[in-house]
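Hi,

Here is the structure I promised to send over. Have a look at it first, and then read on for what turned up when I went through it.

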Amino acid sequence: MMDDTPTVETNLDSGQGQNREIEHVVGSTVQLIAFTVGEQYYCIDIMAVREIRAWSGTTTLPKTAEFVRGVINLRGTIVPIIDLRARFGQGQTDANKSNVVIILSVGERLYGLLADTVSDILTVPEKDIHPVPETDGAAENPFIEGLITKDSQMVAMIALEQVVDEAVVH
Amino acid sequence: MDALEEFKQTYFQECDELLGDLESHLMALQDGETEVETLHAAFRAIHSIKGGAGAFGFDRLVSFSHTFETVLDLMREGKVAPSEECVGIVVRAGDIVADLVAAARNGEEPAADFGADVLDQLAAIAGEEGAAEGADAGGEDAADDVDEIEFTPIPVDLDGDGGDGGDAEAQDDADEAAAPPAASERFRITFRPAKTMFTRAHEPLIFVRELRGLGGVTTTADVSDLPDLAELDPEAAYIGWTFELKTAAGRQAVEEVFEFVIDDCDLTIEAIDENGQPVSTDPGEGGEPQPDAPAEPQPDAPAEPQPEEPTPPAAEAAPETPEMPETPETPDTLETSDEPPAVPTAEAEPTPDEVEPTPVEADSAPTAPTAGPKPADKSAKEAAAPAAKASGVTAIRVDLDKIDRLVNMVGELVITQAMISQQSDPLLAERYPQLVQGLEQLHQHTRGLQDSVMAIRAQPVKSVFSRMPRLVRELSAQTGKKVKLVMSGESTEIDKTVIEQLNDPLTHMIRNAADHGVEAPDVREAAGKPAEGTIHLSAEQRGGRIVIQIADDGAGVNREKVRAKAIERNLIAADAKLSDEEIDNLIFLPGFSTADQISNISGRGVGMDVVKQNIQKLGGRVTVRSEPGKGSRMVMTLPLTLAVLDGMIVRVGDDHYVLALANIVESLLPHKDDLQPVAGGGTVLRIRGQYVEIVSLRRSFDMAPPADADQELIVIVEVEGGDQVGLVVDEIVGQQQVVIKSLEENFDPISGIGGATILGDGNVALILDVAGLRAVHKRKVAGQSQTTSRVDRDQEHAA
């Protein structure tokens with residue numbers, strides 16, 4: 001309990017990369033955005049998220065994998081959208097306005113992840129992020145880098161670099 | 001080091017501009033222009049180049065431009081007549097300076113005897129034996145400079161006290177010759193600032209400028225109060241000046257110049273007569289007593305190529321340096337105007353021991369032993385010169401990135417604006433008339449803003465054009481043909497990126513015109529044309545595009561030869577029926593060259609198709625029109641900017657794609673009989689006896705075949721290399737200017753897609769890269785053997 005107190009304060013002014021660095025050093029918490037694709041909960045580090053938008057259609061990019069839904073105009077920048085459902089091998093999302101696009105910066109680039117709904121913002125002690133069991137047979141395995149239990153629900157933490165890399169297949 | 005490197009870059013940038021100026025002035029000279037201002041301008045350009053070169057230690061450049069400058073100086077003083085021969089040498093010298101600058105920029109050392117012949121000729125004109133020694137004249141020059149400088153100060157200095165009658169007279173003559181004819185008085189103004197003058201924020205340079213504004217000024221600096229370097233207080237004023245002013249403005253005007261400094265100086269203003277009044281300042285004081293000691297602080301700045309020095313030649317040096325002696329010189333570099341006589345005097349005197357050939361100013365003296373009258377001469381001319389010079393430069397250097405960011409932002413604004421406009425319907429106009437009116441205004445302002453921003457990137461084509469005269473000179477020397485280059489429309493402005501990529505195509509085309517177009521002098525005369533051929537290079541703006549034309553009055557395209565060659569090289573069918581224009585334009589095909597002999601000028605068969613490719617890459621087009629016996633004209637049209645593309649929007653499936661309008665030849669609804677499968681898969685379209693390869697966008701992009709294939713259109717597009725490709729699309733939506741966006745910024749490149757843009761509705765449209773599409777298509781065709789089925793179906797539908 002005592003451990004948590006200072007980090008709660010820090011979290012209040014999150015968004016500062018430096019703060020997070022410090023948190024890591026003291027081994028405290030991370031903030032994650034949790035969302036759903038189908039029945040499953042996933043999450044990503046909040047620091048990678050630029051913004052969350054409603055689905056508004058894309059322009060198809062020819063000759064790309066099924067999970068690349070095309071590109072959108074994000075205030076003048078052309079941003080590719082990755083359909084997570086398709087990425088996990090469950091077929092393309094039948095997207096409508098209730099779907100969300102989470103804009104991420106990964107490395108130097110911007111991507112959008114197409115998901116169903118954003119459910120929560122989690123503040124989780126780092127020690128509570130469990131490694132993915134090696135024998136886990138889940139289809140999305142290469143794209144998951146950790147597991148968290150929240151209210152007895154399993155939340156899978158997405159490995160962003162893997163998800164956006166066209167060369168990685170599940 | 002970094003700072004020095006930065007200065008160097010600035011210097012080279014300036015060199016580019018200066019060399020361009022120099023070239024145009026030399027061209028004017030060659031055309032018989034006799035304005036002394038042209039010579040002045042050429043002198044200033046070479047002088048500035050030399051100054052910077054000295055600061056960076058480019059000795060070869062310094063020594064060459066020094067001699068060059070000497071000759072120009074003699075010419076502008078009328079001591080050397082601008083004979084044809086002399087101008088020829090000067091023009092060649094200009095080329096060599098350009099080469100030396102290029103060598104310095106690339107860190108190369110030119111061959112030891114490079115330019116030696118021209119240097120000798122220059123030296124012969126200048127009558128400078130020392131410089132005539134040849135390529136390594138640097139050292140010699142230095143010695144010369146020192147010699148001359150040692151002599152010069154004395155006459156100049158004595159000038160001030162009128163002791164040297166002859167010189168004074170020469171000066172007067174000069175004054176009279178050049179100064180405006182207004183009735184004028186002469187004043188001698190002795191200005192000795194108090195030591196604390198600078199602390200009161202007074203700037204002697206301003207007084208000098210103002211005096212110059214009143215009339216011809218001869219300035220003499222009095223450095224007698226200068227202490228040793230060790231004792232020198234950098235913030236104190238040590239130097240006094242004596243000005244001899246010839247002005248029609250009257251004493252009061254002169255007094256007004258010094259109005260604010262009157263409490264911080266000793267000032268005497270006395271009227272003098274034509275020959276100057278008897279001395280009021282002691283001649284000996286002028287500097288003799290301290291030949292070296294006081295010298296140090298002054299010449300330091302101009303004479304030594306120290307790392308701090310780059311600033312003055314770089315023209316960025318504001319005159320705020322606390323060192324007084326420098327201030328009178330700064331205007332030179334700043335305005336690239338003539339040097340005020342104070343400079344040679346002040347600096348030359350005390351430094352015989354350490355002057356190098358490099359100083360920016362030292363050159364004004366070395367030209368002749370009669371340096372005395374010369375400065376006066378200069379100042380007189382300067383006074384006569386239009387005051388425009390003094391108005392100063394109003395341009396600023398801005399990082400290109402910053403401008404690009406601005407351009408992008410405005411691009412967004414235009415798109416957003418278009419988006420808003422699309423939303424406004426008649427109902428809205430009825431309910432909120434003012435809102436709609438505001439939108440209209442917004443539209444206009446946005447367009448205006450876009451135009452202005454684009455104009456920032458625009459530059460006159462002069463910067464490329466100015467490299468061409470030299471090319472033509474060299475070509476005519478190499479080919480033995482007489483060729484004259486006439487240029488017009490150099491001030492036409494075009495996007496900087498386009499300009500940068502214009503040099504190669506232009507060079508090729510001019511080469512072609514000189515090599516293939518213009519005939520040998522005897523052939524020309526036999527044909528009743530002047531022996532000297534003319535190439536006319538022109539630029540103009542027509543609508544949203546720039547048209548650059550290269551017209552020669554040569555033999556024109558030899559159509560029979562071109563045709564025969566094209567058949568021989570399998571570029572066209574032996575029985576192909578081509579119009580004259582089509583035959584002319586065969587010269588743009590790859591691997592085509594009609595030169596019987598391969599010369600190193602042109603004729604390698606790569607020239608014209610490379611030209612075409614380069615121009616197409618810029619979104620432009622090039623054609624040739626020719627009239628046998630009368631010459632040919634190559635016409636190049638280019639977009640004003642690369643950030644915006646004139647696009648044709650086509651629909652394939654649910655998506656819109658953009659094709660560069662410049663590359664579109666025609667669009668048509670094909671007749672089924674014209675579509676024919678070819679062996680190995682693929683389809684061709686027969687059109688007017690020629691066959692055009694057909695590329696289906698749907699198939700290239702792995703899309704399902706359309707429901708109504710008979711409605712499909714074919715857009716014929718010209719790709720790099722001159723080939724035509726027919727693209728099958730569903731619909732042509734319209735034509736629009738689009739802002740080009742990078743797709744690669746956030747995604748890996750896709751072959752066949754050149755970029756993206758945002759349409760008025762905010763959606764993204766992909767810009768097609770037809771050459772890439774064709775490659776994709778070829779791979780597909782090669783990979784599938786049953787491809788003909790698609791063609792068959794097409795034909796069925798068409799039926």
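Let's begin in chain A, where Val106(A) has Arg109(A) as its bridge partner in S7(A). Bear in mind throughout that this is a predicted model. The two strands behind that pair, S6(A) (residues 100–106) and S7(A), run antiparallel and share 7 bridges. They make a hairpin with 2 residues between them, and Gly107(A) in the turn has a positive phi of about 60 degrees.

S7(A) also has a parallel partner: S5(A) (residues 77–83) is joined to it by 3 bridges. One pair to click on there is Ile82(A), whose bridge partner in S7(A) is Leu113(A). Strand S7(A) covers residues 109–115 and is mostly covered, with 6 of its 7 residues buried.

Which residue of chain B forms a salt bridge with Arg109(A)? It is Asp748(B), and the closest N and O atoms are 2.9 Å apart. Across the interface of chain A and chain B, the count is 1 salt bridge. The contact itself involves 21 residues of chain A and 23 residues of chain B. Together the two chains bury about 1900 Å², and 58% of that is on carbon and sulfur atoms. On the chain A side, Lys63(A), Ile78(A) and Arg109(A) lose the most area to chain B, together making up 36% of what that side buries.

Now for the other charged pairs. As a reminder, side chains of opposite charge can pair when their charged atoms come close. Over all chains, the structure holds 32 salt bridges. One of them is within chain A: Glu51(A) pairs with Arg53(A), with the closest N and O atoms 3.7 Å apart. That passes because the cut-off for a salt bridge is 4 Å. Arg53(A) has 25% relative accessibility, so it counts as partly exposed.

Within it, Arg473(B) forms a salt bridge with Glu23(B), where the closest N and O atoms are 3.2 Å apart. Arg473(B) sits in helix H19 (residues 468–479) of chain B and Glu23(B) in helix H1 (residues 2–30) of chain B, so this pair ties together parts that are 450 residues apart in sequence. Is this pair buried or exposed? Both Arg473(B) and Glu23(B) are buried.

Glu474(B) and Arg470(B) form another salt bridge, with 2.9 Å between the closest N and O atoms. Both lie in helix H19 of chain B, 4 residues apart, or about one turn of the helix. Glu474(B) counts as partly exposed because its relative accessibility is 33%, whereas Arg470(B), with a relative accessible area of 16%, is buried.

Chain B also has some sheets to look at. One is an open sheet of 4 strands in the order S2-S3-S1-S4 (chain B), with antiparallel pairing. Its edge strands are S2(B) (215–222) and S4(B) (265–272), each pairing on one side only. On average, neighbouring strands of this sheet are turned by 15 degrees against each other, direction ignored. S1(B) (residues 185–193) pairs with S4(B) in the antiparallel sense over 8 bridges, and Thr190(B) has Thr268(B) as its bridge partner in S4(B). Helix H9 (residues 204–214) of chain B lies across S1, S2 and S3 (240–247) of chain B, at about 15 degrees to S3(B).

Another open sheet has 5 strands in the order S20-S12-S13-S22-S21 (chain B), and here the pairing is mixed. The edge strands are S20(B) (731–739) and S21(B) (753–758), each of which pairs on one side only. Neighbouring strands in this sheet are turned by 35 degrees against each other on average, direction ignored. S21(B) and S22(B) (residues 764–768) pair in the antiparallel sense over 5 bridges; Ile753(B), for instance, has Leu768(B) as its bridge partner in S22(B).

Last, the cysteines. How many disulfides are there over all chains? The count comes to 0. Cys15(B) is buried, with a relative accessible area of 0%, and Cys265(B) counts as buried at 12% relative accessibility.

Cheers

Technical notes
Residues are numbered from 1 along each chain as its sequence is written. Chains are lettered from A and ligands numbered from 1 in the order in which they are written. This is a predicted model: local features need pLDDT of at least 70, side-chain atom pairs count only at pLDDT 80 or more; totals for chains, interfaces and linings use all residues. Side-chain values use heavy atoms; hydrogens and water are left out. A salt bridge is a side-chain nitrogen of Lys or Arg within 4 Å of a carboxyl oxygen of Asp or Glu. Buried means under 20% relative accessible area, exposed over 50%, partly exposed in between (1.4 Å probe, protein chains only). Two strands pair if DSSP finds at least two bridges between them. Axes are lines fitted to C-alpha atoms, for helices over the stretch in contact, and angles run from 0 to 180 degrees between N-to-C directions. Contact means heavy atoms within 4.5 Å. A disulfide is a pair of cysteine sulfur atoms within 2.5 Å. Buried area is the accessible area (1.4 Å probe) that two parts lose on being put together, summed over both.
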